[in-house]
Every structure is written in structure tokens, then in C-alpha cells.
Amino acid sequence: MLNCRNDVLFYTKQLVNIESVVNTDGEKEISQAVHTLISSFPYFQEHPGQIIKQQTIADELERYNVIAYVKGTKKESDKAIILMGHMDTVGVEDFNQLKDKACNPDELMEALKEEELPAEAADHLHSGEYLFGRGVLDMKSGIASHLYLLKYYSEHPDELEGNLVVVIECDEEDSSHGILSALKELKSLKEQESFDYIAAINADFVSPRYEGDENRYIYKGTVGKLLPSFYITGAETHVGSCFEGIDPNFIAAELTKQISYNPELCNEAYGETTVPPVSLKQTDLKPAYTVQTALSAYVYYNFFIHSWSPKEVLEKLRKQAETAFSNALADYREKYEAFSKASGQPYTEVPWKSRVMTYEEMDKLLTEEHGESYTIHMKQFKEQLMLDATLDTRMYAAKVVEEAWKWMPDKDPAIIMFYSSLYSPRIEVTGKNEKEERLIKALENAVDTVQPEYEHKIVTKSFFPYISDMSFVALSDDEEGLSAVSSNNPAWGTKHYVNYQDIRDINVPVINIGPYGMDAHKQYERMELKYSLEVVPALTNHVIQDLLKD
């Protein structure tokens, strides 16, 4: 393996020392530090035009990507490999009283020795084989591996039969402004330098998949992630006359019971299965306390996919929502009848029926019903709503649906389905073309070469199981699948937009070879030193060499 452990550890600690929490000024600071570091390499002093500090596009915050490339001299070639990774992290609040040490691994680990840790974390702390700290695993040690390889090939371009492009992006932990902006630069380089992008290698973290799992995983492609959202209307009533209306929270509760943890909504492909959806928010939209039931409720769920399209997900969720609505009404009737019997009050037949529609269907209905008066009003409403900086994309979308609902001629209770956030597309790398075949073969060769030097089994799987920027360098969805996202996101074109053509113009098969550890996004985040500092750079380097040779 490469003699890189000390260098990768040094870069890791330097990066971790910079608190680069997403959506803070720390993102600016770390991009400047990375740019300064790469600029100090002699190669880039001689070729300053080959390092780019790119401000993100259509972003409310000022932050930057750093893109640098080395042109190999061993043999002239247009082939280019992209190494990618993100430099932002989640926050440090979970470190509690030690949060001032969260970004200083050495100080943090000394302080943790005085704390009562879970048994496994304590063992790792005292073993000398792990490094603790915010971002050590997710994913600054992965960036450090890329920086090492960039520096190595900048000093030895004669060992490179093509081109190495390193993309270190911001904002992976929130809205992926970084990689979506970087696509523009990658397209420019493709034109200016005639680069033929043949593969991308991400370096996001990998972890055990179950208790006792000792495998170290490499992933071909990645899981897709959607945020299906539901605006639920009821029939308002005074709480003293509760059976004269129906509380939308009651329907929402049944919907969450139907969708959350439902194994029917796990997507199996190539022998791998996604985790089921789970609720990420459930609330009503009452602005203040009153003794009236709410007019509407809002819920959304995390939803992972391997092979389903966004259109198929809506179709599956429509059935679940119809079942939930029917169950809620049946339960309501049963409770109403029991109350009527107990109180001696008359029972009146419940007038409502299960009613579920997509935002696209509602918008089309209202456009046909009201014409330009509706479309002009909604355009102006969306523009005005953009002025409210307190609204994230998800709540912005809900407000748009809420406003559109006011135009509905039939205001009987209903569930409106839509998407309210960024769609991270699923990526399949199966060998369906020559580039994928070569990448898979190079990865297999790399594992075969490195495995004898490492004690734990290195296992290749088909889908990276976490959200990552891998989703934005290739597309496995067709136009119909993607149109289900744009047509059913009320924020599309105002608060939220993705140019999928940029992704198609790059469209490169992507794998993930990243650091190994535990508790990413948690207080005891840590990475295993040997795999992360030695094995990851070695595997990545073998893939680079294999792919670029004739």
C-alpha cells in the first residue's frame, strides 16, 4: 500500500480543526483553507489556472467549492477521473459540554477519557486505532485521502496516463448547492480541456450495517432519496362539538401509522433493500391557540429508493394514503357511534369519503376551473412568499399548497400529495455500458490487490445507503420519472430548482470508497485509522491506475 498514513492523518486533522458546519461562515473558511493548501503545491504554483475556487450558484449564502486538476504526462489522454467529497459537517451541539473541543480530535479524546462512554466507543477510544471528532468520519478523512492523491500526482504527473480532477464541494449536508454548482465547472473543463469523464470516486463514510458487522463496504452507485409530503384538510369545528367536524391531525396520525416503518414501502433491487420510510415532521398549520380544531395538517417522510421512480413512489403512496384515510373515517365512525350511544345524542351519518390527489392533479383542476385568475394569483403569491427568509423549502411548499387549496370549489376533507425538497436521484452502476464495465472491473481488481494486506473483509455492494452528492453526477431515471418531481413540487422554479441536464452532460458512473467508522452525526463520531488512512487511498489509487491505462 501507499506510504500515506501520516500525510492523510495530518490533512484530516487540519480539516477537522476548521468548524465547517453547513450553512455557517465555516463553509467559507474551510474552502479558503483548502484552496490555500492546494495552491501551495508546486504544481499549482506553476499551473494556477488548474485550481478553481467557485462560488455556488443560485444560493442564498456565500460559500465556495474548490476544484483542482492534474494533467498526466505519462501518456497523452483525454480520460479524466473525478475524485469528489464534501467539506461541510453537521453541527456540534450534540457534543454538549465538550462542543468547544469537537473539532480538535486530540483535545477531545483526552477529555473523553474522563467521560462515561458506551462500551464500544470506550474500547475504541483507548485502543489507539480510532480518531474521534466532528467530521473525522463524515467525511474529512475522505477529503484528506483525495488531497493526498492530488498532491502525489501533482508531484508525479509522469505516473498518470490521463487526468485527475478533484472536486471538494460545500453544502452536502443540506441542499447540495455545492455539487450542483460544480457541475457547471465540470462541463466547462470538459469543453476547454476535452476531458472524457470515465468515472467518479466519492469518499463518503461507511459503517457497519448491523451489530457485529465487521465488513468494510465499497458501494457502486447510491440510494435515491425523496421527501413525499402530505397536506391534509379536515372539517373545522369547536372542540365542544367535536363530531360536527373532523380533525386533520386525526387523519395525519393514521397516515403516519400507515406509512412509517411499513415494509411494503421498502424497495428491493439487486438483492439489496432500502429501509422503510419514517416521519420527519408532523404538525398542524394553526398559527395560534384556539378552541377550534385545525383546518389543516402537514406531514412528510423520508423515502429511500433503489429502482422505483419518483412517479412510482407517488402511485404507491396514493394507495397507502387512501387506505389511511378510509381507516381514519372508519375509526371516526366507530368512536362517534359509541359516543352517541353513551351520551344519548343522535348519530348522524358521516358525510366524508376518502379523497387523495397529487398537487399536479389539484393544480390542473384549479387551472381548468379558474383559468388565469388562479395562475396569475399563484405566481404572485409564490414570488411574495420568497421574501419570507424564515421559510425553508419544505414549509414554503406547504404554504403554496395551502394557498392553492383556498381555490378548491369542493372543500371536503382531502389529502394532497407532493414533494417538498431536493430529490437525490438513485444511481445504478451495473455494467450496462463500457464505462460501467471498466469501473466495476477496476474496482474488483483493486479489492483483490489490497485485501491480502488488510484483516477485515472488503465487500462491494450496489447502493450507498445514505444521502450523498453521488446522486448528482449521473442519472438512472427517465424523463417521466423526473417530471413527477418537478410537476409535484410546489416550490419548483421559485424556491427550488435542479437543472437535470447538467447532470446528464456529465453522466459518469460513480462509486464510493470512503473512511470506515461509527456514529457519524453523533457525539462519538470516529474513524478507524488503518482503513481510512491507508486502505482507502490505496484502493482509490488502484482504481485510478487501472482505469487510465490502455
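In the predicted model, the axes of helix α1 (residues 5-16) and helix α6 (residues 136-155) approach within 8 Å and cross at roughly 130 degrees. This angle makes α1 oblique to α6, and the crossing of the two helices is right-handed. On the side of α1, the contact involves Asp7, Val8, Tyr11, Thr12, Leu15 and Val16. These residues meet Val136, Lys140, Ser141, Ile143, Ala144, Ser145, Leu147, Tyr148 and Lys151 in α6. By residue class, the contact of α1 with α6 comprises 9 nonpolar, 3 polar and 3 charged residues.

The largest nonpolar core contains 155 residues, of which Ile38, Val165, Tyr197, Phe230, Leu539 and Val543 touch the most other members. Helix α16 (residues 529-548) gives the most to this core, contributing 11 residues. Apart from residues up to four places away in sequence, Ile38 touches Phe44, Ile51, Val66, Ala68, Leu147 and Leu150. Among these partners of Ile38 is Leu147, a residue of α6 that also takes part in the contact with α1. Another core, of 27 residues, lies apart from the largest one and includes Met357, Met378, Leu391 and Ala491.

Ala491, one of the residues of this other core, is also in contact with Thr393. Thr393 belongs to helix α12 (residues 393-405). Its relative accessibility is 17%, so Thr393 counts as buried, the cut-off being under 20%. With neighbours within four places in sequence left aside, the contacts of Thr393 are Ser420, Ser421, Ala491, Lys495 and His496.

Conventions. Residues numbered from 1 in each chain as written. Predicted model: local features only at pLDDT ≥ 70, side-chain atom pairs only at ≥ 80, totals over all residues. Heavy atoms only, no water. Axes fitted to C-alpha atoms, helices over the stretch in contact; angles between N-to-C directions. Helix = DSSP H or I, 4+ residues; strand = E, 2+ residues; numbered from the N terminus. Parallel < 35°, antiparallel > 145°, perpendicular 65-115°, else oblique. Left-handed = near helix turned anticlockwise from the far one by under 90°. Contact = heavy atoms within 4.5 Å. Nonpolar A, V, L, I, M, F, W, Y, C, P; charged D, E, K, R; others polar. Core = buried A, V, L, I, M, F, W, Y, C linked by side-chain atoms within 4.5 Å. Buried < 20%, exposed > 50% of the residue type's maximum accessible area, 1.4 Å probe, protein only.
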